[in-house]
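User: Can you take me through the aromatic side chains in this one? Please start with what the terms mean.

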Amino acid sequence: MGKFVIKETKTGIKFDLKASNGEVIATSEVYSSEDACKKGIASVQKNAPVAAVENQTVEGYATEKNPKFEIYADKAGEFRFRLKATNGQIIAVSEGYKALASCKNGIESVKKNAPDAEIVKE
């Protein structure tokens, strides 16, 4: 089972969603307080399972309604995803993947792990 790991940074507090194998599958922005960070986690838990997937790497892709996962290519040519809440705010982002299939697997992992993931503080 996955888990949300809350940790402090130099500029605030953030979370990583880790899969059962310990791999980080999504990361949050940096929040100003632990309370705000926990609200971000709750938003991921609520939105991830129902979010559509919008693949922005294909020409003429269909625009999906929020909440949604957006797949895009970064400057290095790697595939990444960001999860947007119903209000359009980005609530989680991925690492870079060399293959589109791996990126899609990351999204499936977030959808599967986020709803029941325990929350731990490091």
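Analyst: Rings of Phe, Tyr and Trp (its six-membered ring) pair if their centres lie within 6.5 Å; planes under 30 degrees apart count as stacked, over 60 as edge-to-face and the rest as tilted. This is a predicted model, where local features need pLDDT of at least 70, side-chain atom pairs count only at pLDDT 80 or more, and totals for chains, interfaces and linings use all residues. Residues are numbered from 1 along each chain as its sequence is written, and side-chain values use heavy atoms, with hydrogens and water left out.

User: Which residues form one aromatic cluster?

Analyst: Phe4, Phe15 and Tyr31 do.

User: And how many aromatic pairs does a search of the whole structure find?

Analyst: Four. One of them is Phe69 with Phe81: the ring centres are 5.7 Å apart and the planes are at 80°, so this pair is edge-to-face.

User: Where do those two sit in the chain?

Analyst: Phe69 is in strand 5 (residues 68–73) and Phe81 in strand 6 (residues 79–84), twelve residues apart. Strands here are DSSP runs of E with at least two residues, helices are H or I runs with at least four, and both are numbered from the N terminus.

User: Is Phe69 buried or exposed?

Analyst: Buried, at 0% relative accessibility. Buried means under 20% relative accessible area, exposed over 50%, and partly exposed in between (1.4 Å probe, protein chains only). Phe81 is buried too, at 1%.

User: Why does the pair of Phe81 and Tyr97 count as stacked?

Analyst: Their ring centres are 6.5 Å apart and their planes are at 15°, so the pair is stacked. Tyr97 lies in the loop between strand 7 (90–93) and helix 2 (100–113).
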